[in-house]
Every structure is written in C-alpha cells, then in structure tokens.
Amino acid sequence: MKILLVAHGYPPELVGGTETSVEGLALGLVDAGHEVVVVAGSMKFEDGFRVSRAEHGGVHVVRIHRADLFFDHWQKSHAHDVSAAFAGVLAEERPDLVHVHHWIRLSDDLVACAARAGIPACVTLHDLWTTCLIAFRVRPDTQAFCEVPLAPSPCLACAAQVPPATPWLGQDAETATLERRRAALIGELTLARAVVAPTLAHARAVGRYLDLGADDVRLRVVPHGRDLTPRDLGAEQRTVLAPPGAGRPLVLGSWGHLHPLKGPDLLVEAVRRAGPGIELHLAGGEVLPEFADELRRAAAGLAVTVHGAFRLEELGRHPVTAVHAFVSGSRAHESWGLVVDEARALGLPQVLPARGAFPERLREGAGATFYAPGDAEDLARVLIALRDEPGRLDALERAAPPLGELVPGRRQHVEALLTVYDEVLAAGPPAPPPASDAQAAHARRDAWDRALASGGAPPPAAGPAHEDA
C-alpha cells in the first residue's frame, strides 16, 4: 500500500509531539512493508512559496513552504496555492490513501483535495486546533481553559488578543472568515472515511466544541504508539529518594516547554500556597524568554529550581527526575500526554489535572492522583497530603499499571491503524465537494498581507503566530 501522511511539520526541521508521532508512524509503516510519502508544512519561508523534497530516515518528505504573512494565523487557514500544490503532489505520487494529521501551515481542505483526486482519506486529531482560533482553548487574558463551542462570540474577541491585530477587518468580515473556516474543517472531518483520536476524551471534546454528533463522523480511538523502555530515558541512573518526612521535603519534578500552556507558573503558585517542606524542579526549553523570567521572579524565596532544556535520553539522570513524583500544571485539554508515558517509564507516581486524556489513561490512586484543573489551591491541597502522608506515594506507585499497558508499542499502533486503513479503502473516496474560488481566495490573502504591511506590522521574519507548545 502507498500511504501519504500529512502534517504541519516533520523532523528534522520541526520536532514536537505531533511531528514525532507522525515520524514514528511513517517508520513503522515502512517497517511493515508499505511505501510512505510525507507532505509537511515548514517554517522556512525565506525563499518564497515553493515545494521542496528530501529524504529523511528512508522516507520521502515533500515540504510545502508558504511565504505569506503570519501563515499560522487563524484567518490564514485556507491557502489556495497550497491546495493546488497538494493536488499536484497527489497527481504525481498517486497514493492509495491519504492520512491527514494537521492542517496548520498548509490549508483547510486537504481531505477535500484528496476526494477530488479520487483518493480516500482519514484524519487523526492531535489537538484542539480545529475547534479554536488560537489553537489550544486556553484564554490569553485569564489563562483559563475555554469550554464554549466555536462561534463568533466570544471567539473573535478572544482571538483578537493574540497578535497581529487586524483592524481593517470589520465584524462582518471576521464572522464570515470564522464561519468559512469552521465549515471547511467540519467538511474535512465529515468527508474523512475515519476520524482517529488517541483517546475518547479528546474525540468527545472536538465533537462538543464543533457541535458534531457521534453519527457525523466515523470515529476510531487508536492510542498513540511509542517504543519506550526505562532504559531509553536512562531510568537505571535515576536517584531514588527516601520518602518525605523527618526533615526531608516532598520533591517534585515537571518537564516540558516552559510555556504558560503547560502551567509551570501554576505549579510555583501551588508550592507557595502549600508552605514549607516542598521542593520543585522544572526543566524545559524557554520558548518564551519573558515568561521564563517572570517564572523565576515568582519562584524567588521558594525551593524551586529552573533547570532549562534537557535531553530526553538523559532524563533519568537529570535532577528533574531525582524526585518523589512527577507533577503537571497543564492548562490544556491534553489529547494524550507524552510526559505521562515518560514518568511511568521512570517509575514515578504522578500528580495530574483532572482533564482531557489524563483521567482516561490513569485512575485515581493507581499511578496518579488528580486535582481540579487550573486550580493552584486544590493542587496545594494534594501536595500537602503527599508531604504529610508519605505512604500515599508508595501506594500510588505500587498500584500503577505496567508501562506496556499504558503505552502501546509502535508495532501495535501501526497494526491498529492498518485495520482503520482497510476500512477507509473499503469505503472508497467520498463524492468530491466543489473547489473553492481560487481568484477570491488569492484576493483575500493578498489584501490581508497588504493591509497588515501598511499598518506597520512586523515583516515576515517576525512571522507565524503559532507556537508548538
């Protein structure tokens, strides 16, 4: 079978949770004897709009490079030149099946393009971008997770807080753009012969925020696959601490990007509220230096250490894992949670917000304990209990599921997806929708760029607005 995978980025240029997942799937499919082509977005816009090709790890990678201003902005979700380039790739490669993992940096009509080419497609939902104008449903003003369905109110006002400002667009034009984007993405999900989600919680969230019912899409839950062993993280070198008590603090670790979405500031505030006897270690790349500086100021006077970036294969010997438990402050509705895999591989009990994939993957008292999402006071309550009742930590770890039960291997993941692929091929391509008006799409894009540039906005090098948190 020839399979074409589509994502917003791909290693080695872009490395994040989704990109790494797609790379693992590509390599697993090749190992299973299938031919794979990857079509990916790119952040390399300096040479103008173009299509580039390269080999990476034995996989042919086609990158479509956009060069219009802020091409990650929600108002740029549709790009007709990308659609045309993608149609050209489909005509040249002639895959049996298209598997879309993301649309950002590309265009919002990839499944529709495949249908017009007579090729069936499926989709994997990795995040909530389809349901939110700023991608993660965490409000920039309050840092609270947003539960409202995608609609002009309050979404337009919320998205307007994220630069660049687009004052040349009136309310009616913004509303029309939102409705066009929403309709296009719902079209993608309903045209897809299967919609895959790593957890049921994530699938239900997407349906809820887009007002899609269970009968509107062909849902399949397929857990992410990952060949992960304790040795891969250097777990044999991890320092195991004596339980807290008798003058010994409760020591916690959290790793991932130092980004508001991941809530390290929430963790610092919870430590402050919990009082003495708790120590916190944070590790991760400082993707927003100003936020990292604010985090250090907030941690002044507390037993909090910010370590900076780390290497995954060396996690076991890093101070951030020489702890009693892993703690997450994530404000997002996590679709899976790679850190959960890693903490389990390291033999650490976990303190997690009760939202998204976390309470689906781990049960209270069996490897994890939960707190109210975004609530520093409730997290402090949980930390105090762990500090003052150290036996709870050992009980959590003893009841934790085996790593292999929590994290399927790559081969299991590929086998499960091949079953989905068989269903997709059996269903065949859907009736193709009409193509969008190319001239109108180009005119909207060019007018947007001219208006932004004339308003004194940053040049393209200041660039795309999306962060892979």
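How many bridges join S1 to strand S2 (residues 35-41), and in which sense do the two run? In this predicted model, six bridges join S1 to S2, and the two strands run parallel. One of the pairs can be picked out by name: Ala 7 has Ala 40 in S2 as its bridge partner.

S1 and S2 belong to an open sheet of eight strands with mixed pairing, and their order is S3-S4-S2-S1-S5-S6-S7-S8. At the edges sit strand S3 (50-56) and S8, each of which pairs on one side only. Averaged over neighbours and with direction ignored, the strands of this sheet are turned by 20° against each other. Helix H1 packs on the sheet, where it touches S1, S2, S3, S4 and strand S5 (97-100), and the direction of H1 makes about 175° with that of S1.

Now follow the chain to helix H6 (residues 200-210). Its buried residues are His 202, Ala 203, Ala 205, Val 206, Gly 207, Tyr 209 and Leu 210. What covers them? The cover includes helix H5 (171-191), strand S7 (195-197) and strand S8 (219-221). Just after H6 comes a backbone detail to look for: Asp 211 takes a positive phi of about 60°.

Further along, the loop between strand S9 (250-255) and helix H7 (264-274) holds His 259. Is His 259 buried or exposed? Its relative accessibility is 12%, below the 20% cut-off, and so His 259 counts as buried. A polar atom of the His 259 side chain lies 3.0 Å from the backbone nitrogen of Leu 261.

Two packed helices are described by the angle between their axes and the distance between the axes. The axes of H7 and helix H8 (residues 289-298) come within 10 Å and cross at roughly 5°. Angles under 35 degrees count as roughly parallel, and H7 and H8 are therefore roughly parallel to each other. On the H7 side, the residues that meet H8 are Pro 264, Asp 265, Val 268 and Arg 272, and in H8 they meet Phe 291, Leu 295 and Ala 298.

Towards the later part of the chain, look at strand S15 (residues 367-371). This strand is mostly covered, with five of its five residues buried. S15 pairs in the parallel sense with strand S13 (residues 350-353) over four bridges, and in that pairing Tyr 371 of S15 is the bridge partner of Pro 353. S15 also pairs in the parallel sense with strand S14 (residues 363-364), here over two bridges, and Ala 368 of S15 is the bridge partner of Glu 364.

Let us turn to charged side chains. Side chains of opposite charge can pair when their charged atoms come close. How many salt bridges does a search of the whole structure find? The search finds 31. One of them links Arg 63 and Glu 13, with the closest N and O atoms 3.4 Å apart. Arg 63 lies in strand S4 (residues 59-65) and Glu 13 in the loop between strand S1 (2-7) and helix H1 (17-31), so this pair ties together parts that are 50 residues apart in sequence. Arg 63 is buried, with a relative accessible area of 10%, whereas Glu 13 is partly exposed at 21%.

A second salt bridge joins Arg 226 and Glu 342, whose closest N and O atoms are 2.7 Å apart. Since Arg 226 lies in the loop between S8 and S9 and Glu 342 in helix H9 (residues 338-345), the pair ties together parts that are 116 residues apart in sequence. Both Arg 226 and Glu 342 are buried.

Arg 381 and Asp 378 meet in a salt bridge of 2.8 Å, N to O. Both lie in helix H11 (residues 376-388), three residues apart, which is about one turn of the helix. An α-helix has 3.6 residues a turn, so residues three or four places apart point the same way. Arg 381 counts as partly exposed at 49% relative accessibility, while Asp 378 counts as buried at 17%. Finally, salt bridges that share partners join Lys 2, Glu 35, Arg 53, Glu 92 and Glu 93 into one network.

Key:
Residues are numbered from 1 along each chain as its sequence is written. This is a predicted model: local features need pLDDT of at least 70, side-chain atom pairs count only at pLDDT 80 or more; totals for chains, interfaces and linings use all residues. Side-chain values use heavy atoms; hydrogens and water are left out. Buried means under 20% relative accessible area, exposed over 50%, partly exposed in between (1.4 Å probe, protein chains only). Two strands pair if DSSP finds at least two bridges between them. A polar contact is a pair of N or O atoms within 3.5 Å; within protein, one must be able to donate a hydrogen and the other to accept it, and residues adjacent in sequence count only if both atoms are side-chain atoms. Contact means heavy atoms within 4.5 Å. A salt bridge is a side-chain nitrogen of Lys or Arg within 4 Å of a carboxyl oxygen of Asp or Glu. Axes are lines fitted to C-alpha atoms, for helices over the stretch in contact, and angles run from 0 to 180 degrees between N-to-C directions. Angles under 35 degrees count as roughly parallel, over 145 as roughly antiparallel, 65 to 115 as roughly perpendicular and the rest as oblique.
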